[in-house]
Amino acid sequence: MLAPKIHSEAAPRQARSSGLTVALASATSNPSPATFDQEFLQELDNSKLLDRLKEILQLARANDRSDDRAIRLPEVLNTLGIGKSSWYQRLNARSPSFDPLAPQPFKLGNSERSPSLWWHSEIIAYLEIRAAASRNR
């Protein structure tokens with residue numbers, strides 16, 4: 001992780017993300033680099049900036065389909081390590097187990113009986129987001 005540069009004589013710099021302002025430095029005080037880094041990390045933790053960066057990363061991965069492949073249900077279940085009913089409960093908006101971050105399937109054809117498929121990269125990104133969320137509890 002790159003540490004932000006501190007300009008002691010410069011005016012305060014601010015980063016804007018979705019209307020959220022995070023103060024990066026103060027023109028009146030000269031904090032030590034360790035104190036500044038700790039305050040900066042605390043501000044990041046309190047803001048929604050990290051969540052937004054995760055969303056952007058997920059979108060970037062989803063949009064890069066150059067080496068992606070479509071996978072069917074058995075491989076999705078094997079990758080996630082859960083059962084079929086558990087997975088479909090996460091996809092069902094009326095279920096108490098509904099997870100809005102779970103990637104939705106698409107049909108291979110026009111028929112109702114066409115197989116459902118998921119993009120492999122979306123399944124991996126979902127798994128990474130769930131793993132990161134469980135580590136941050």
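I began with Lys 107 and looked up which residue faces it in this predicted model: Lys 107 stands opposite Ser 116, a residue of strand β5. From there I followed the strands themselves, and I noted that β4, which covers residues 106-107, pairs with β5 through two bridges in the antiparallel sense.

Next I asked myself which other strand is joined to β5. I found strand β3, residues 70-72, running antiparallel to β5, residues 116-119, with three bridges between them. Within this pairing I looked up Arg 72, and its bridge partner in β5 is Leu 117.

I then turned to the helices, and wrote down that two packed helices are described by the angle between their axes and by the distance between those axes. For α3 (residues 73-80) and α4 (residues 84-91) I recorded an angle of about 95° and axes 10 Å apart.

Which residues meet where α3 and α4 touch? On the α3 side I listed Leu 73, Val 76, Leu 77 and Leu 80, and on the α4 side Lys 84, Trp 87 and Tyr 88. Sorted by class, this contact has six nonpolar residues, one charged residue and no polar ones.

Last, I checked the confidence of the prediction, and the protein averages a pLDDT of 76, with 68% of the residues scoring at least 70. Over residues 1-28 pLDDT stays under 50, although the model has 37 contacts beyond four places in sequence for them. I reminded myself that where pLDDT is low, the predicted coordinates should not be read in detail.

Methods. Residues numbered from 1 in each chain as written. Predicted model: local features only at pLDDT ≥ 70, side-chain atom pairs only at ≥ 80, totals over all residues. Heavy atoms only, no water. Axes fitted to C-alpha atoms, helices over the stretch in contact; angles between N-to-C directions. Helix = DSSP H or I, 4+ residues; strand = E, 2+ residues; numbered from the N terminus. Contact = heavy atoms within 4.5 Å. Nonpolar A, V, L, I, M, F, W, Y, C, P; charged D, E, K, R; others polar. Pairing = 2+ DSSP bridges. pLDDT = per-residue confidence, 0-100.
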